[in-house]
Amino acid sequence: MSYIQHKAEESLEDYLETILILSKRLPAVRSIDVATEMNFSKPSVSVAVKNMKSREYIIVSEEGYLQLTDEGRKIAENVYERHTLLTDWLVHLGVDPTVAASDACKMEHDITPESYEAMKKCILSILGRN
């Protein structure tokens, strides 16, 4: 995968994760909610929504509400789990929570499943969540 393709996938994962997070806070998620949450322009979000819809990661209702498909939810939950666990671990290590969240966002996309699972086992043990 090229660098550009990798960044596009990373961005897509961030959009799906944001829709998941917003769906926990809001009764319905719209593109404008995603744009506001991510601090992105409405046209950028519109392009991403078309991409996610064409890949069948989301469904867009007639009213413009965004809903994750089973596949989209699976990806979003995986990214969200990685983000949350890595953030908690970095905070536990003494990293400022804002920095930890930012660093976790970078790490969550690049770590292999094998390495993540090994880290997860260790981190959960350290955090007393096993």
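In the predicted model, strands β2 and β3 (residues 65–68) pair in the antiparallel sense, and three bridges connect them. Across this pairing, Ile-58 stands opposite Leu-68 in β3, and Gln-67 in β3 is the bridge partner of Ile-59. The hairpin of β2 and β3 has four residues between the strands, and Gly-64 in this hairpin takes a positive phi near 90°. On its other pairing, β3 runs antiparallel to β1, to which two bridges join it. Here Val-29 has Leu-66 of β3 as its bridge partner.

In β3, Leu-66 and Leu-68 make up the covered face, whereas Tyr-65 and Gln-67 make up the uncovered one. Leu-66, on the covered face, is also among the contacts of Val-34. Leaving aside neighbours within four places in sequence, Val-34 is in contact with Tyr-15, Thr-18, Ile-19, Leu-22, Val-29, Val-45 and Leu-66.

Val-34 is also one of the residues that touch the most other members of the largest nonpolar core, together with Leu-16, Met-52 and Ile-58; this core has 21 residues. Two or more residues come from each of α1, α2, α3, β3 and α4 (70–92). The most is given by α1, with six residues. Another core, of seven residues, lies apart from the largest one and includes Leu-85, Ala-104, Ile-111 and Leu-124.

The structure holds one aromatic pair. Tyr-15 and Phe-40 form this pair in an edge-to-face arrangement, with 5.8 Å centre to centre and 65° between the planes. Because Tyr-15 lies in helix α1 (residues 3–25) and Phe-40 in the loop between α2 (31–38) and α3 (42–54), the pair ties together parts that are 25 residues apart in sequence. The two partners fall in separate accessibility classes: Tyr-15 is buried, at 5% relative accessibility, while Phe-40 is partly exposed, at 38%. Tyr-15 is also one of the residues in contact with Val-34.

A charged group is placed over a ring elsewhere in the model: Arg-82 lies over the face of Tyr-116, at 4.7 Å from the ring centre. With neighbours within four places in sequence left aside, Glu-10 is in contact with His-109 and Asp-110.

The cysteines were also examined. A disulfide is a covalent bond between the sulfur atoms of two cysteines. A search of the whole structure finds zero disulfides. Cys-105 has a relative accessibility of 24% and so counts as partly exposed. Cys-122 is likewise partly exposed, with a relative accessible area of 44%.

Terms used. Residues numbered from 1 in each chain as written. Predicted model: local features only at pLDDT ≥ 70, side-chain atom pairs only at ≥ 80, totals over all residues. Heavy atoms only, no water. Disulfide = S-S within 2.5 Å. Buried < 20%, exposed > 50% of the residue type's maximum accessible area, 1.4 Å probe, protein only. Pairing = 2+ DSSP bridges. Phe/Tyr/Trp six-rings, centres within 6.5 Å; stacked < 30°, edge-to-face > 60°. Lys NZ or Arg CZ within 6 Å of the ring centre and 35° of its normal. Contact = heavy atoms within 4.5 Å. Core = buried A, V, L, I, M, F, W, Y, C linked by side-chain atoms within 4.5 Å.
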